[in-house]
Amino acid sequence: MQPVPRTNHRSAITASPPAIVPPTAKAGRPAAGPTLVEWAYDHLLEMLMTVQIAPGERIAIDTVARQLGISQTPIREALSQLEAEKLVSKMPNVGYRASPRMSREEVQDLYALRLLIEPYAAARAAEKMDDETLVTLQEIDEGMRGVAEGNDRDFARFAEADAKLHRLIATGSGNRLIAETIERLHAHLQIFRSLYSTNAPEEAAAEHQRIIEALMAHDPAAAEEAVREHLKRSQERMDRASAGAAAE
């Protein structure tokens with residue numbers, strides 16, 4: 001079945017966008033200069049990942065600055081970071097735009113890289129599980145249970161739990177470079193998922209359950225295999241969505 005673009009996102013930031021309230025977690029203006037850059041970065045990243053800034057849309061720096069109640073300088077610094085991560089691009093005489101939607105080939109390349117590093121990261125994370133991380137895993141597991149296809153609330157809950165699980169594996173590997181790479185890859189893929197409903201929550205939840213069980217059992221081989229199998233199935237879902245998008 002050809003994927004259907006999700007249309008319930010808000011308008012992207014253009015020259016005259018509607019007022020956008022920063023997410024609750026970031027409410028309240030930070031006091032320190034460096035923190036303003038982080039705050040602006042988190043705000044823009046969330047807008048990109050939820051397609052409130054759509055692929056290819058122009059990002060008006062002055063508008064973002066007014067919305068956050070800060071100067072344009074930290075906005076520009078945050079955009080420079082996002083440019084380095086290939087999430088936005090700077091166009092001569094235009095300014096910044098969100099990066100275009102990924103092509104089918106780019107999605108395949110991203111998964112090829114994920115398959116190289118994430119199974120290894122999962123094995124290392126399984127070896128390093130501590131009590132605090134195990135509690136977090138249980139919370140993630142609960143967040144993924146009972147998801148239903150076509151339910152936007154369940155989709156959002158699942159997406160959040162999915163992000164937490166992959167982040168936990170990345171940081172739990174103990175390898176900073178791997179963690180940073182996985183985080184960047186996940187951001188790109190989440191933008192695609194927000195455009196097209198590709199998560200198949202019920203199917204993916206079962207795959208994640210096997211990953212969680214292996215991690216909680218401190219079983220590196222099982223965790224590595226469970227992540228590899230999940231990524232292969234996820235790639236198949238994304239490839240079908242990519243093929244449908246290319247046919248539009």
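Two strands pair if DSSP finds at least two bridges between them; helices (H or I, at least four residues) and strands (E, at least two) are DSSP runs, numbered from the N terminus. The structure is a predicted model, in which local features need pLDDT of at least 70, side-chain atom pairs count only at pLDDT 80 or more, and totals for chains, interfaces and linings use all residues. Residues are numbered from 1 along each chain as its sequence is written, and side-chain values use heavy atoms, with hydrogens and water left out.

An open sheet is formed by 3 strands in the order 1-3-2, with antiparallel pairing. Strand 1 and strand 2 are the edge strands, each pairing on one side only. Strand 2 is joined to strand 3 by 4 bridges, and Val88 has Ala98 as its bridge partner in strand 3.

| Element | Residues |
|---|---|
| Strand 1 | 58–59 |
| Strand 2 | 88–91 |
| Strand 3 | 95–98 |

Helix 3 (residues 72–84) spans 19 Å from its first C-alpha to its last, close to the 18 Å expected at 1.5 Å a residue, where the expected span is 1.5 Å times one less than the number of residues. Its buried residues (under 20% relative accessible area, 1.4 Å probe, protein chains only) are Pro74, Ile75, Ala78, Leu79 and Leu82. These buried residues fall within an arc of 140° seen down the axis of helix 3, so they line one face of the helix; the arc is that of the directions from the helix axis to the C-beta atoms. Just after helix 3, Lys86 adopts a positive phi of about 65°.

Definitions and conventions
Buried < 20%, exposed > 50% of the residue type's maximum accessible area, 1.4 Å probe, protein only.
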